[in-house]
Amino acid sequence: MHKYIPAGALCLLALAGTISVPPSATASPRVAAEGTGGHGSFSVRLVDVPGSLINDTRARQYIIDNLHPGTTIRRRVEVANTSDEPARVVVYPGAAGIRHGSFIGALGGRRSELTSWTSLSRKRLEVPAHSTARTSVTIRVPRDAAPGERYGVIWAQVSGGDGPGVTLVNRAGIRLYLSVGGHNPPPTKFTVDTMTAERDRAGRAIVKAQVHNTGGRALDLSGTLNLAKVGGSINAGPYAVQLGTTLAPGQSEPVTVPVTDQVDNGPWKATLHLKSGLYEETYRARITFPRHGGHGRPVPAQAVVAGRHMALYGGAAGLALGGVILPAVMWRRRKAASRDT
């Protein structure tokens, strides 16, 4: 049985010492859309966070779970109307997929296997001006469901007219990542195969890393890049990874990092730290930017083994402490022996 925690209560739990979360976790992010009337907008957010995923930033934004066949889960979704007029919002599940590094929700409420498992307590919400309303999402996994991961979207939609025969449709959605499996969830895992140094037509530096999803869950990648001049003392960064890259299991796509400073060609030691949810990896490569617009040759990236440097430092510290403690022990033994004689 899953334990859920309201996203708004995370701050109180942190103050009570029950769960430690960063300040940014006080509420789930809202996904907004422009209102059809031009007087404001509406947004949708996830209200509940699973207790087992309390530290996973993805779980505060999306409905993510690994379930056994025959399991039922429920999550609450909140729609906020920030316009000056009441809003009639339709909420429904839709199909989705991951293609070319992007999570894409299908248009027109197209159905899928996952949407057939999904229902809502309230499909139509009458939301007063500058108010909120909630509905519950229920997902019932059939007992004969095949293992694997499915994707979908919970859409909140507002429709309005803009002249005869014209209907404007505005939507905001919450992603669904649902994995069906056994007792252990499929692992999250990825590799960075290569890094490529590029320059655009304006001469701005860009680094592209080819990432391969080798695990069993979809990835939403974020992270940073640091540069260190080879044979020098110049460091640059960190530079934020361009957000929006999503990979389904088995997919491989480039992750782009714009270098916002003016840097020379190098060579540079590039250290890329990537994460998806709670899973993190760090890779390094030696790259050289081209002199003019274009891209260099892809360079194989090497994984930085976690704990390797800590073990080295720990061993060095042990040797240093041994150099202090061992002579002191020997001095005490000699002093005790002289007293006995």
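Student: Before we start, what should I keep in mind about the model and its numbering?

Tutor: Happy to set that out: residues are numbered from 1 along each chain as its sequence is written, and side-chain values use heavy atoms, with hydrogens and water left out. The model is predicted, so local features need pLDDT of at least 70 and side-chain atom pairs count only at pLDDT 80 or more, while totals for chains, interfaces and linings use all residues.

Student: How many aromatic pairs does a search of the whole structure find?

Tutor: Rings of Phe, Tyr and Trp (its six-membered ring) pair if their centres lie within 6.5 Å; planes under 30 degrees apart count as stacked, over 60 as edge-to-face and the rest as tilted. With that rule, the number of aromatic pairs found in the whole structure is 5.

Student: Is the pair of Tyr 62 and Tyr 177 stacked, edge-to-face or tilted, and why?

Tutor: A pair of aromatic rings is described by the distance of the centres and the angle of the planes. Here the centres are 5.7 Å apart and the planes are at 55°, so the pair of Tyr 62 and Tyr 177 is tilted.

Student: Where in the chain are these two tyrosines, and how many residues apart?

Tutor: Strands are DSSP runs (E, at least two residues; helices are H or I, at least four), numbered from the N terminus. Tyr 62 is in the loop between β4 (48-50) and β5 (63-67), and Tyr 177 is in strand β13 (residues 167-180). The pair therefore links distant parts of the chain, 115 residues apart.

Student: Which residues form one aromatic cluster with Tyr 62 and Tyr 177?

Tutor: The two tyrosines belong to a cluster of aromatic residues.

Student: Which charged residue sits over the ring of Trp 155?

Tutor: A charge sits over a ring if NZ of Lys or CZ of Arg is within 6 Å of the ring centre and within 35 degrees of the ring normal. At Trp 155, the charged end lies 3.8 Å from the ring centre and belongs to Arg 171.

Student: What is omega for the cis peptide bond from Gly 266 to Pro 267?

Tutor: Most residues other than glycine have a negative phi, and most peptide bonds are trans. Pro 267 lies in the loop between β20 (252-258) and β21 (268-276). The bond that joins Gly 266 to this proline is cis, with omega near 15°.

Student: What is phi of His 100?

Tutor: His 100 is in the loop between β7 (87-99) and β8 (102-105), and this histidine is exposed at 69% relative accessible area. Its phi is positive although the residue is not glycine, near 55°.

Student: Which residue does the side chain of Arg 58 join through a polar contact of 2.9 Å?

Tutor: Arg 58 counts as buried, at 10% relative accessibility. A polar contact is a pair of N or O atoms within 3.5 Å; within protein, one must be able to donate a hydrogen and the other to accept it, and residues adjacent in sequence count only if both atoms are side-chain atoms. The side chain joined to Arg 58 in this way is that of Asp 220.

Conventions:
Buried < 20%, exposed > 50% of the residue type's maximum accessible area, 1.4 Å probe, protein only.
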